[in-house]
Amino acid sequence: MEHTELIKPETLDDLIKALHEKFSGDTVNVEEVQNLMESYESNPHEWMKYGKFDQFRYTRNLVDEGNGKFNLMILCWGEGHGSSIHDHTDSHCFLKLLQGQLKETLFDWPDNKVRQGMTKKSERILKENQCAYINDSIGLHRVENVSHTEQAVSLHLYSPPFNHCNIFDQRTGHKNTVKMTFWSKFGTRTPFESTVAQENN
Amino acid sequence: MEVHESSEGESILDLSRLNLETLSFDHLSEEKKKETQMLFLPYNRLTVLPGCISLFSSLSWLDVSNNGLAFICDDILRLSNLKTFVAKNNRLDESSLPKDLSTMSLEVVNFSGNRFEEFPRQFLQLHTLQSISLGGNRLKGIPPEIENLTSLELLYLGGNNITSIPPELANLPKLSYLVLCDNRIQSIPPQLAQLHSLRSLSLHNNLLTYLPREIVSLVHLQELSLRGNPLVVRFVKDLTYDPPSLLELAGRTVKSRNIPYFAEDLPDNLLTYLDLASKCPNPKCGGVYFDSCVRHIKFVDFCGKYRLPLMHYLCSPECSSPCSSSSQSDADSEDESSVPVHRLQKVLLG
């Protein structure tokens with residue numbers, strides 16, 4: 001089995017270059033990508049320009065389009081901000097903490113035939129520089145900043161890229177498809193994309 | 001929350017993470033102290049705020065978060081230009097603040113992560129306040145005098161021990177962001193629906209079983225968080241109904257038939273009673289009720305949420321609810337006949 005040596009990316013730009021290389025082929029080695037992302041030590045000066053916060057909810061800020069193979073984005077979470085329970089539209093999802101902490105709660109897919117509440121499978125706190133991974137075969141998750149005093153910033157990689165996903169109502173398992181939008185792209189605010197009141201959180 | 005994006009020409013002094021136990025500022029020139037507009041002191045080991053802080057006469061932003069502060073000295077009152085005061089993660093409580101804090105013109109205060117058990121009374125007289133953060137403290141309640149803060153736009157009270165919300169909160173004309181998550185709130189007063197400026201309401205992780213039906217009138221609400229509340233998914237109609245008393249029946253007749261009465265006609269207690277009449281929301285009814293009423297729950301899709309249980313009172317079991325909204329999942333409480341016998345005793349099912 002071929003082992004690729006892990007060269008620690010010193011900067012965010014190094015990380016992006018290394019990710020382009022990792023995704024240049026047809027297959028994705030999940031473990032290698034996770035290790036690569038985890039090995040980058042967050043330096044706020046390098047990602048500050050993507051770190052745009054909204055008072056009312058978390059924001060999605062596009063960083064790189066990965067030659068069409070992946071989307072790399074930075075999410076900014078104010079105190080108490082959380083997402084719906086959602087899936088990942090058959091894509092890989094990598095989530096790395098750049099600042100603060102996020103709580104990830106895992107759920108199984110709800111049973112379509114029986115309408116009942118969704119029970120959490122497990123939960124964990126992701127700490128600074130840690131990188132988590134999920135895909136639809138693992139299950140669904142909700143991500144939240146549970147701190148009342150600190151903001152959180154996370155780096156997300158989705159491959160292949162997607163702009164729709166399903167969100168789930170925890171009390172009934174009911175699902176809705178929603179379109180995902182960007183608060184900013186490449187450091188510039190993109191106001192006309194935003195839609196309101198989409199999260200079931 | 002208070003993230004400052006530095007603009008040209010702002011004089012910033014950053015002394016964060018320097019392990020400072022005391023501060024004298026002796027090494028700074030008088031000019032430097034007078035012109036500094038933003039002073040950052042977070043992540044040091046200050047247990048008291050030095051009196052010489054008052055020398056920073058132009059200061060508009062002060063951050064003393066993540067120190068060991070148990071007390072804020074009166075010298076801070078001399079900072080007449082101070083607009084933003086951030087003191088997160090210290091050891092402050094209601095006895096820590098200067099008595100005359102309300103003489104300042106503060107606009108933004110963030111005292112999250114401290115030890116407040118009561119809302120600081122000094123805040124209630126600071127009419128310049130636009131933003132208050134008291135997340136992660138030990139607050140037991142919200143004082144009704146909060147309605148005096150007519151400039152308030154942001155109120156963050158998440159992560160406390162709050163059990164109820166005073167209806168006076170609804171009198172804040174500019175409130176756009178209200179955070180009450182991670183508390184112990186059992187019900188939302190219907191008056192909150194008068195907060196037409198509200199854009200985001202955070203209620204997750206409380207003890208809510210339903211919301212007041214009036215909440216759908218908040219048409220400008222963009223975000224509403226409700227996860228971690230025991231919101232009911234089904235509701236069986238109130239089957240235990242206490243018929244109205246003679247007093248109530250008389251009151252209902254006086255009000256619904258507009259029978260005139262004057263202060264000379266009735267004792268004070270009955271005048272007060274008649275003033276408490278509530279209108280039945282059924283537009284075809286036009287009646288009123290006093291104490292005897294029936295709870296009715298409708299399930300409505302609202303603000304990104306699916307089938308929220310919205311509650312209102314009706315004057316009797318025979319009355320029906322007002323016109324439903326057009327949402328797909330809108331449904332009334334279940335019919336009695338479809339409910340199995342063993343559940344008839346329960347009024348609310350979670």
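Modeller: Happy to! This is a predicted model, where local features need pLDDT of at least 70, side-chain atom pairs count only at pLDDT 80 or more, and totals for chains, interfaces and linings use all residues. Residues are numbered from 1 along each chain as its sequence is written, chains are lettered from A and ligands numbered from 1 in the order in which they are written, and side-chain values use heavy atoms, with hydrogens and water left out.

Colleague: Why are α1(A) and α2(A) called roughly antiparallel?

Modeller: Helix α1 (residues 12-22) and helix α2 (residues 30-39) of chain A pack at about 175 degrees, with axes 10 Å apart. Axes are lines fitted to C-alpha atoms, for helices over the stretch in contact, and angles run from 0 to 180 degrees between N-to-C directions. Angles under 35 degrees count as roughly parallel, over 145 as roughly antiparallel, 65 to 115 as roughly perpendicular and the rest as oblique. So α1(A) and α2(A) are roughly antiparallel to each other.

Colleague: Which residues make the contact of α1(A) with α2(A)?

Modeller: L15(A), A18(A), L19(A) and K22(A) of α1(A) meet E32(A), V33(A), L36(A) and M37(A) of α2(A); contact means heavy atoms within 4.5 Å. By class, this contact has six nonpolar, no polar and two charged residues. Ala, Val, Leu, Ile, Met, Phe, Trp, Tyr, Cys and Pro count as nonpolar, Asp, Glu, Lys and Arg as charged, and the others, Gly among them, as polar.

Colleague: What makes α2(B) and α3(B) roughly perpendicular?

Modeller: In chain B, the axes of helix α2 (residues 246-256) and helix α3 (residues 268-275) come within 10 Å and cross at roughly 65 degrees. These two helices, α2(B) and α3(B), are therefore roughly perpendicular to each other. Their contact joins L247(B), E248(B), G251(B), V254(B) and K255(B) of α2(B) to L270(B), Y273(B) and L274(B) of α3(B). It has five nonpolar, one polar and two charged residues.

Colleague: How do you know what counts as a cavity, and how many of 30 Å³ or more are there?

Modeller: On a 1 Å grid over the protein atoms alone, a cavity is a set of points where a 1.4 Å probe fits but cannot get out, and a pocket is an open set with protein on both sides within 12 Å along at least five of seven lines; lining residues have an atom within 4 Å of a point. The structure holds two cavities of 30 Å³ or more. The largest has a volume of about 160 Å³, and its 20 lining residues include F56(A), G80(A), H81(A), N201(A) and S225(B), which lie nearest its centre. Its lining has seven nonpolar, eight polar and five charged residues. The second largest cavity has a volume of about 40 Å³, and its lining divides into ten nonpolar, no polar and one charged. Among its lining residues are I188(B), P189(B) and E214(B).

Colleague: What makes D90(A) and P160(A) worth a look?

Modeller: Most residues other than glycine have a negative phi, and most peptide bonds are trans. Phi of D90(A) is near 60 degrees, a positive value in a residue other than glycine, and D90(A) lies in the loop between β3 (85-86) and β4 of chain A. A cis peptide bond joins S159(A) and P160(A), with omega about -10 degrees. P160(A) sits in the loop between β9 and β10 of chain A.

Technical notes: Helix = DSSP H or I, 4+ residues; strand = E, 2+ residues; numbered from the N terminus. Points joined across faces, edges and corners; volume = space filled by probe spheres on them.
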